[in-house]
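Hello,

Here is the structure we talked about handing over. Please open it alongside this email, and then read on for what was found.

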Amino acid sequence: MNQIQENFLSNMQVQKQYFRPSRITDAGSKAQAASFQDILEAKTKEASEGSALRFSKHAFHRLADRNIELTGEQMDRLAQGAQKAEVKGIRDSLVMVDDLAFIVNVPNQTVITAMDRSQAQEQIFTNIDGAVFA
C-alpha cells in the first residue's frame, strides 16, 4: 500500500513543480517574483468577492503528465474565460489559452482536464456545450 501512495504527488507538490513563478506588483513597488503560493493566496483573496477557479485532481495530474506550466497571466485568462462562459450560460466549456486547452465545469468553477495542442491530436472535444478563446 505504501508503494502505491509514494508514486502519487500531492496537489501542493505538483503546484511547486509545474507552476512557474510570475510577476506581481504591489502599489508603488517594482515587480518581484512571486511563488505559486503567493499567487494562490492573492487569487483566493480576490475570490472572496466572486468565485475562484479550482483544478480537479485529474487536471493536476494531466498538467504534470503533460509538462504544462502556467504563468500567472495565463491563469488570469483562464479564469476570465470561465467567467465569460458562465455569463453565456455554458455548463461545460472548452477554454483555449494560447496553445493550451482546458475543459472547465463552469457551475463548479473547476478545471476538469488540460492539454496542449500536441496532445489534442484529433482536435475533437466532446461533452462540451461551448468554447471560449481567452
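**A helix across the sheet**

Helix H4 lies across S3, strand S5 (100-105) and S6. H4 runs at about 20° to S6. Please keep in mind that this is a predicted model.

In what order do the five strands of the open sheet come? The order is S3-S6-S5-S4-S7, and the pairing is mixed. Strand S3 (54-55) and strand S7 (130-133) are the edge strands, each pairing on one side only. In general, strands of a sheet pair through backbone hydrogen bonds, either parallel or antiparallel.

S3 and strand S6 (residues 110-116) run parallel, joined by two bridges. Arg54 stands opposite Thr110 in S6. Phe55 has Val111 in S6 as its bridge partner.

Next come S6 and S5. These two pair in the antiparallel sense, over six bridges. Leu100 stands opposite Asp116 in S6, and the bridge partner of Phe102 in S6 is Ala114.

Then S5 and S4. They also pair in the antiparallel sense, over six bridges. Here Val95 stands opposite Phe102 in S5.

**How covered are the strands?**

S5 is mostly covered, with six of its six residues buried. Its side chains split into two sets. Leu100, Phe102 and Val104 point one way from S5. Ala101, Ile103 and Asn105 point the other way. Every residue in both sets is buried.

S6 has five of its seven residues buried, so it is largely enclosed by the rest of the structure.

A polar atom of the Gln109 side chain lies 2.9 Å from the backbone oxygen of Val106.

**Back to H4**

H4 covers residues 57-65. Which of its residues are buried? They are Ala59, Phe60, Leu63 and Ala64. Seen down the axis of H4, these buried residues fall within an arc of 140°, so they line one face of the helix.

After the helix comes Asn67, whose phi is positive, near 50°.

Now look at the aromatic rings. The count comes to one aromatic pair. Phe55 and Phe60 form that pair, and it is tilted. The ring centres are 5.6 Å apart, with 40° between the planes. Phe55 and Phe60 are both buried. Recall that Phe55 is the residue bridged to Val111 in S6, while Phe60 is one of the buried residues of H4.

**An arginine in H5**

Arg77 sits in helix H5 (residues 72-87). Why does Arg77 count as buried? Because its relative accessibility is 18%, and buried means under 20%.

What does Arg77 touch, leaving out residues up to four places away in sequence? It touches Val97, Asp98 and Ala134. Arg77 and Val97 are 20 residues apart in sequence, yet 6.9 Å apart in space, C-alpha to C-alpha. As for Ala134, the side chain of Arg77 reaches its backbone oxygen at 2.8 Å.

Best wishes

How values were computed:
Residues numbered from 1 in each chain as written. Predicted model: local features only at pLDDT ≥ 70, side-chain atom pairs only at ≥ 80, totals over all residues. Heavy atoms only, no water. Buried < 20%, exposed > 50% of the residue type's maximum accessible area, 1.4 Å probe, protein only. Helix = DSSP H or I, 4+ residues; strand = E, 2+ residues; numbered from the N terminus. Arc of directions from axis to C-beta. Contact = heavy atoms within 4.5 Å. Polar contact = N/O pair within 3.5 Å; in protein donor to acceptor, adjacent residues only side chain to side chain. Pairing = 2+ DSSP bridges. Axes fitted to C-alpha atoms, helices over the stretch in contact; angles between N-to-C directions. Phe/Tyr/Trp six-rings, centres within 6.5 Å; stacked < 30°, edge-to-face > 60°.
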